[in-house]
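Please read them with the structure open.

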Amino acid sequence: MIPLPTQPLQRPTPEPIVSPDEPGWRQPRRAPSLADVYASIRVPAQNASFWRKLMAFWGPGLMVAVGYMDPGNWATDIAGGSRYGYTLLSVILISNLFAMLLQHLAAKLGIVTGRDLAQACRDHYSKPVAMALWVLCEIAIAACDLAEVIGSAIALNLLFGIPLTVGVVLTILDVLVVLYFQSKGFRIIESIVAGLIVVIFGCFLYEIILSQPDWAAMAGGLLPKTEIVTNPAMLYVAIGILGATVMPHNLYLHSSIVQTRAFEQNPAGKRMAIKFSTIDSTVALFLAFFVNAAILVLAAAAFNRNGMYTVADIHDAHKLLAPVLGAGAAGVVFAVALLASGQNSTLTGTLAGQIVMEGFLHLKMKPWLRRLITRLIAVVPAFIVTLIYGEKGTGELLVLSQVILSLQLSFAVVPLVLFTSDKRKMGQFVNAPWVKYTAWVVSGIIIALNLYLLFETFFG
């Protein structure tokens, strides 16, 4: 695991900022979200070494990367690999490049303005519009939580034979686990997330070595092919991969947690924070790319190569891995990675929910109550579906959760690009013209493809 050497500072909860002149904003800054950990992690002086500064800023990117490897991504990656081999690897790569740009903008917004994306939306838009954005964001977080509930329940079923309905109920207990570690300091949460990512990474590295993929075909799959667009069935799966990769709640999360670093509040300090936060998130998203690509490669090597073109379900993939790969541990390792993925997503989902509620509503709710409400919104439908429809129902519910996330995505991406391209809001840190135009092109592509995905899901 990469070391996380810096220690948290003990700082009092900051008071609302009511005095600075901030052109471009309608209201003065309020107290930051996650106020108990705001500026709580020491940052070395600007003349310190590159590596000392990088280690100080290392961590938020890993928490963001978790959303790009959550259980909701697994079904689309498995379907893409089993049906089309390595062809859709290029889609995963492009999706991650889009994500790297958007996460850079989210970090920059938080560092420069001292506002997270939810606070910025509440300030910029009228109250009815801001409330509508809040409702959409809460629905997206509940959908993401739904994927975590189902993924964790499936993993518990695969590892210990626990019935899906019981596994769904057990996921409520992680409320206590999350709250316990959150009280120990932000570095503890970052360390847990890093540890679970190492577990996921190690599991898939083992699975890939075991599956003996075609390395030349893998390299070729990283280059986009015209058939992805000309083949409607392949295009549908490709858009599903994109929709499951770029997560709206991560933009809110990242814009807030970068403020846990106690960097100097001047242009030089902000410039350093932007630089190292971008390195942090970009490297972490490369790890997420490896995990998503590994799932697709595993499906391609284990199933597509053996003529199993219809494997698109996590349960089916688990059952077939051991006999296909000839190793009894293959299925167990797969399930361990799934459980680690679900628990990791739980940690970051909790924080995102808190940030969104505080930012949009200016309402501080006890963390255990906020978490319990969100988890119950996810647990109740998951419990009912698993009780009535079993495995098949949970798989379809997992896909539905990704469709809901796709629907919310444009309502997070457009404000983010709009704010970071506004010189009155960002000052000297406003997006350069090439960044602004690239961001709008990326936003347009994401919105168009997700609208197509939604249309095909409901009418296709």
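1. Which residues make the nonpolar surface patch of about 600 Å²? In this predicted model, the patch is made by Val169, Leu376, Val380, Phe383, Ile384, Leu387 and Ile388. Helix 17, residues 367–420, gives the most to the patch, with six residues. Leu376 lies in this helix 17 and counts as partly exposed because its relative accessibility is 38%.

2. On salt bridges, the structure holds four. Side chains of opposite charge can pair when their charged atoms come close. In one of the bridges, Arg115 is joined to Asp123, with the closest N and O atoms 3.7 Å apart. Arg115 and Asp123 are both buried.

3. The side chain of Glu190 meets that of Arg187 in a salt bridge, 2.9 Å from N to O. Glu190 and Arg187 are three residues apart in helix 9 (residues 186–211), so about one helical turn separates them. Arg187 has a relative accessible area of 5% and is therefore buried. Glu190 counts as buried too, because its relative accessibility is 0%.

4. Glu190 also forms a salt bridge with Arg261, where the closest N and O atoms are 2.9 Å apart. Because Glu190 lies in helix 9 and Arg261 in the loop between helix 13 (248–257) and helix 14 (267–302), the pair ties together parts that are 71 residues apart in sequence. Both Glu190 and Arg261 are buried. Through shared partners, salt bridges join Arg187, Glu190 and Arg261 into one network.

5. How many disulfides does the model hold? The count is zero, with a cut-off of 2.5 Å between cysteine sulfur atoms. For Cys137, the closest cysteine sulfur is that of Cys121, and at 8.6 Å it is too far for a bond. Cys137 is buried, because its relative accessibility is 1%. Cys203 counts as buried as well, at 10% relative accessibility.

6. Helix 16 covers residues 329–361. Helix 16 is mostly covered, with 27 of its 33 residues buried. His362 follows helix 16 and has a positive phi, near 55 degrees.

Technical notes. Residues numbered from 1 in each chain as written. Predicted model: local features only at pLDDT ≥ 70, side-chain atom pairs only at ≥ 80, totals over all residues. Heavy atoms only, no water. Patch = residues over 30% accessible without salt bridge, like charges linked within 9 Å, V, L, I, M, F, W, Y side chains within 5 Å. Areas by Shrake-Rupley, 256 points an atom, 1.4 Å probe, with all protein chains shown as cover. Helix = DSSP H or I, 4+ residues; strand = E, 2+ residues; numbered from the N terminus. Buried < 20%, exposed > 50% of the residue type's maximum accessible area, 1.4 Å probe, protein only. Expected span 1.5 Å × (residues − 1).
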